[in-house]
Amino acid sequence: MTTTLMVRISADPPGRLDKALARDVPDAASLSRSRLARLIAGGAVLRGGEALTDPKLKVKEGDEIEIRLDDPAPTHIAPETIPLDITYEDDDLIVVNKPAGMVVHPAPGTPYGTLVNALLAHCGDDLSGVGGERRPGIVHRIDKDTTGLLVVAKSDRAHHGLAAQFEAHTAERAYLALCHGVPDAGDPRLRGVPGVSFEPGNVMKITTQLARHRTDRQKQAVCFTGGRHAVTRVRLLEGFAGAAALVECRLETGRTHQIRVHMAHAGHGLIGDQTYGGQRKLSEKAVGAGAVEAAKRFPRQALHAAILGFEHPVSGEFLRFEAPMPQDMSLLLDSFSR
């Protein structure tokens, strides 16, 4: 069987078909640049019923592009009996509280021990195949060293319904994070940071484009032309002597590493983030030796997906889940409060 994916080319498109699709195809479709290239070459990309086989073909804003996808072959990923912290499960979906250190789906370098391996053991064949052979059921992702809530589709109907909500930005996603400095509307420095503004209630809004870093392809970078639109809202929950803060980050969009990149761009990189946090150190005078040592030892970015809400794609009921802060982050937070 063949599944049809419709993609509308957004504003300010790149001139080429392949680049426009790489930007505008929903993340949940899990279509890499190389797979898109194969689909274009194979005549599976159409506009108005006409196959578009030239990746350099010009496209314009509003073009409706049809992508025809063959149903995925059966997965060859090995099921692994790995304990799962299951928050909710029914016939169509499962919500899990992912621990730190677990990769969501297999990739080069991490073929085993992933969430998908664990889900295949737990669910058997009851995972949606829409995500492709290596990503069955996966609608969205959180980073390996980020903890918290993730919803996975067990039926294709659920997968399409959930993916539509994430693409339309109607799913509720809130993260807890510990960051360097205290993001505050009264900070004159923040008024000069491009893409940073403040909304009522001292909510920092970060609006940029995100794209792959020019020299390090494993990283994302802020840009203001090209890339993919990204919006994060940050609410201050508690500040610690101007040196650090507990914040709530809400995603309007869901790009790779979005919170980590945006917080670093605003000058408030996450504690423990070795990729985007830079070499910033805490002041022992401000927060005490215990907090400085705890932050130095913290082995990952201090980020937790605490709230996940969405409309059930089959029943229509709105579901909302909360996951308590994991122990390692709670201990880190406690060190600032002593």
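**Figure 1. Crossing of helices H1 and H2 in a predicted model.** Helix H1 and helix H2 form a right-handed crossing; a crossing is right-handed if the near helix is turned clockwise from the far one by less than a right angle, and left-handed if anticlockwise. The axes of H1 (residues 17-24) and H2 (residues 33-41) come within 10 Å and cross at roughly 130°. Axes are lines fitted to C-alpha atoms, for helices over the stretch in contact, with angles from 0 to 180 degrees between N-to-C directions. H1 and H2 are therefore oblique to each other (under 35 degrees is roughly parallel, over 145 roughly antiparallel, 65 to 115 roughly perpendicular, and the rest oblique). Leu17, Asp18, Leu21 and Ala22 of H1 meet Arg33, Leu36 and Ile40 of H2, where contact means heavy atoms within 4.5 Å. Five of these residues are nonpolar, none polar and two charged (Ala, Val, Leu, Ile, Met, Phe, Trp, Tyr, Cys and Pro count as nonpolar, Asp, Glu, Lys and Arg as charged, and the others, Gly among them, as polar).

**Figure 2. Crossing of helices H7 and H8.** The axes of H7 (residues 289-297) and H8 (residues 327-337) come within 8 Å and cross at roughly 155°. H7 and H8 are therefore roughly antiparallel to each other, and their crossing is left-handed. Gly290, Ala291, Ala294 and Ala295 of H7 are in contact with Leu332, Ser335 and Phe336 of H8. By class, the contact has five nonpolar, two polar and no charged residues.

Figure 3. An unreviewed UniProt entry annotates Asp143 as "active site"; positions follow the numbering used here, feature names are shortened, and annotations may be inferred rather than shown by experiment. Asp143 lies in the loop between helix H3 (115-123) and strand S7 (147-153). Helices (H or I, at least four residues) and strands (E, at least two) are DSSP runs, numbered from the N terminus. Beyond neighbours within four places in sequence, Asp143 contacts Lys98, His257, Arg260 and Gln301.

**Notes.** Residues are numbered from 1 along each chain as its sequence is written, and side-chain values use heavy atoms, without hydrogens and water. In this predicted model, local features need pLDDT of at least 70 and side-chain atom pairs count only at pLDDT 80 or more, while totals for chains, interfaces and linings use all residues.
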